[in-house]
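Work through the exercises below with the sequence and the model side by side, and try each task before you read its solution.

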Amino acid sequence: MPQLGTTTDPVFYRRWIIANGWAEAAGLGTTFVLGRALVPWLEHVTGTMAVLLGALAAVLLGTLLEGILIGVAQEAVLRDRLATLRKGTWVLATATGAACAWILGMIPSTVLALRPHDSAASQVAEPGALVQYALAGALGLIAGPILGFAQWTVLRRHVARAARWLWANAAAWAIGMPLIFLGMEYVPWGGPPAATLLAIYGVCGAVGLVVGAIHGRILLELLRPGRD
């Protein structure tokens, strides 16, 4: 394994958190904004095609925006510590993981939307807020390692015990996913467009900071000199 630089410096940890914060704000936030902008267009498409197009749009936006931006932001910080990390490999891995995570995340809502709607089904109440947050946490617990698996294939070439990165992402997104759902409850959807946009980007940025702080602690351990 290559010799790693010192990672006890809080500057690295702070840069990692900030990188995840701005990248989630720009990537995930813009994904939500563009997805919402596509809703009127999708309303002109009916039936199964509308559902599938909506899911496809979400996966593509999540991959091209969130996946790539997160990869670029994280790689810029990582390359200061992993000099042998080839440029672009982390970005590609992150985009790949994001695509898989988005596909997983879209499966439940897509399947439900494709089910036949009858009067009995339409009367079934939505689960309460606590249940929704619990389900979001479970989704994050599963999607986190899926997102991190592709990154692990890169990270394991540079550090020992890289499998801990999977658990780091599980913990980070088990908390981050419910925070997204919670934050979106406070977005003024019917208010001024500027306020709505600011709230969306603010929520996504805040979640990125929290997620980065959580898996960043494990990353510090993995990059500690002597771990190799």
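**Exercise 1: a bent helix**

Helix α5 bends by about 40° at F149, where the bend at a residue is the angle between axes fitted to the seven residues ending there and the seven starting there. The model is a predicted one, in which local features need pLDDT of at least 70 and side-chain atom pairs count only at pLDDT 80 or more, while totals for chains, interfaces and linings use all residues. Residues are numbered from 1 along each chain as its sequence is written, and side-chain values use heavy atoms, with hydrogens and water left out.

Task: Compare the reach of α5 with its expected span, and list its buried residues.

Solution: Begin with the length, for α5 (129-155) has 27 residues and reaches 37 Å from its first C-alpha to its last, close to the 39 Å expected at 1.5 Å a residue. The expected span is 1.5 Å times one less than the number of residues. Next look for the buried residues (buried means under 20% relative accessible area, exposed over 50%, partly exposed in between, with a 1.4 Å probe and protein chains only). In α5 these are A136, G137, G140, A143, G144, L147, G148, A150, Q151, V154 and L155.

**Exercise 2: the other bends**

Task: Find where α6 bends and where α7 bends.

Solution: Take α6 first, which covers residues 164-184 and reaches 30 Å, close to the 30 Å expected; α6 bends by about 25° at W173, and W173 is among the buried residues of this helix. Then turn to α7, which covers residues 193-222 and reaches 43 Å, close to the 44 Å expected, and which bends by about 30° at G216.

**Exercise 3: aromatic rings**

Task: Count the aromatic pairs, and describe the one between W90 and W165.

Solution: Start from the rule, by which rings of Phe, Tyr and Trp (its six-membered ring) pair if their centres lie within 6.5 Å, with planes under 30 degrees apart counted as stacked, over 60 as edge-to-face and the rest as tilted. The count comes to 3 aromatic pairs. The rings of W90 and W165 have centres 6.3 Å apart and planes at 55°, so this pair is tilted. Because W90 lies in helix α3 (residues 89-114) and W165 in helix α6, the pair ties together parts that are 75 residues apart in sequence. Both W90 and W165 are buried, and together with W16 they form one aromatic cluster.

**Exercise 4: charges over rings**

Task: Which ring lies under R156, and which under R217?

Solution: Apply the cut-offs, by which a charge sits over a ring if NZ of Lys or CZ of Arg is within 6 Å of the ring centre and within 35 degrees of the ring normal. R156 lies over the face of W152, at 5.1 Å from the ring centre, and the charged end of R217 sits over the ring of Y13, 5.0 Å from its centre.

**Exercise 5: a loop residue**

Task: Where is R161 found, and is this residue buried or exposed?

Solution: R161 is found in the loop between α5 and α6, and it is exposed, with a relative accessible area of 55%. Its phi is near 55°, a positive value in a residue other than glycine. Most residues other than glycine have a negative phi.

Technical notes:
Helix = DSSP H or I, 4+ residues; strand = E, 2+ residues; numbered from the N terminus.
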